[in-house]
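Please read it alongside the sequence and the model.

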Amino acid sequence: MIITGGGTGIGRATALGFAERGDRVLVVGRTAATLEESVARHENIRSFVADVTAPGAGERLVEAALRTFGRLDVLVNNAATGSFAPLAKLDRAAVERQLATDLVAPAFVAQAALDALEETGGTIVNVSTAASLTTQGFRDNAVYMAAKAGLNQFTRSWAVELAPRGIRVVSVAPGVTDTGIGQRVGMSDDQYQGFLEQISQRIPVGRVATPEEVAWWITTLAEPGGSYMTGAIVPVDGGLTLT
Ligand SMILES: NC(=O)c1ccc[n+]([C@@H]2O[C@H](COP(=O)([O-])OP(=O)(O)OC[C@H]3O[C@@H](n4cnc5c(N)ncnc54)[C@H](OP(=O)(O)O)[C@@H]3O)[C@@H](O)[C@H]2O)c1
């Protein structure tokens, strides 16, 4: 298994979920320290430091997974970044960085993994966002939402393209999940807690998700028993997008 962004949040919980099922997992990210924290959680987890947007990163991390484990069954395209700005204040470098991480990198990491996944009859899981499945607009967050909408179309199109090669492509679309992502996109602790409390009132199940509740769906959709599902984008959002 390869999990991009496996040093934090949903990626780390997913790595642990696979590892506890007996799978061997390579977690990928730019920060060695957080990756090592994931490695310390389970003996089946190994790390590889890489920026997924760098040219050739996909080849390097697939090669590392094959060298370490001898096979590749699942690629989870989970790494993403966010930055909020209205159209009037968009910064070109920030937009290009965001699209490179959230949209372009998943394509080229997946491309590098194709032969290895074909050998195992493997699965690509793209981590989207439940909000991208609605017809709503999202103030100050257009670039992230556009990237995730694009990723959804990758999931559907690759599912059709890769089915003849025996590779499934599915997606989990999380709702609001308490991973501390708010602080990483520039909110203060108080702003993030306020956001979580406010949004919880709108969520039918009455609370935000834990990373483990999202990870369960990622690991489960990737199981061999899921062999007849491809191209599906599964919302895991406590019902939020139904309201
Ligand atoms: N949390 C939510 O409420 C929520 C809701 C909907 C969807 N999602 C989606 O779920 C996924 C995980 O989110 P999360 O909340 O767990 O976020 P997170 O903790 O911020 O995880 C993002 C991970 O991606 C890695 N990453 C970012 N840029 C990278 C790059 N260029 N190369 C390699 N790794 C990179 C980060 O590690 P480094 O910085 O060390 O590289 C980090 O480990 C994302 O796709 C996100 O869009 C989250």
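The model is predicted, so local features need pLDDT of at least 70 and side-chain atom pairs count only at pLDDT 80 or more, while totals for chains, interfaces and linings use all residues. Residues are numbered from 1 along each chain as its sequence is written, and side-chain values use heavy atoms, with hydrogens and water left out.

**Domains**
- The protein chain is split into domain 1 (2–174 + 211–235) and domain 2 (178–208), with bounds that come from an automatic or database domain assignment.
- Taken over C-alpha atoms, the centres of domain 1 and domain 2 are 23 Å apart.

**Interface between the domains**
- Contact (heavy atoms within 4.5 Å) involves 6 residues of domain 1 and 5 residues of domain 2.
- About 490 Å² is buried between domain 1 and domain 2, 56% of it on carbon and sulfur atoms; buried area is the accessible area (1.4 Å probe) that two parts lose on being put together, summed over both.
- Phe 84, Pro 211 and Glu 213 supply 54% of the area that domain 1 buries against domain 2, more than any other three residues.
- The domains share 1 salt bridge, the term meaning a side-chain nitrogen of Lys or Arg within 4 Å of a carboxyl oxygen of Asp or Glu.
- Arg 207 forms a salt bridge with Glu 213, and their closest N and O atoms are 2.7 Å apart.
- Helices α1 (9–20) and α8 (211–221) are the elements that give two or more residues to the side of domain 1 that touches domain 2; helices (H or I, at least four residues) and strands (E, at least two) are DSSP runs, numbered from the N terminus.

**Thr 219**
- Thr 219 is found in helix α8 and counts as buried at 2% relative accessibility, buried being under 20% relative accessible area, exposed over 50% and partly exposed in between (1.4 Å probe, protein chains only).
- Leaving aside neighbours within four places in sequence, Thr 219 is in contact with Thr 14, Gly 17, Phe 18 and Arg 21.
- The C-alpha atoms of Thr 219 and His 42 are separated by 16 Å, with the two residues 177 apart along the chain.

**Asn 152**
- Asn 152 lies in helix α5 (residues 142–162) and counts as buried, at 2% relative accessibility.
- Not counting residues up to four places away in sequence, Asn 152 touches Ser 128, Ser 132, Leu 133 and Ile 233.
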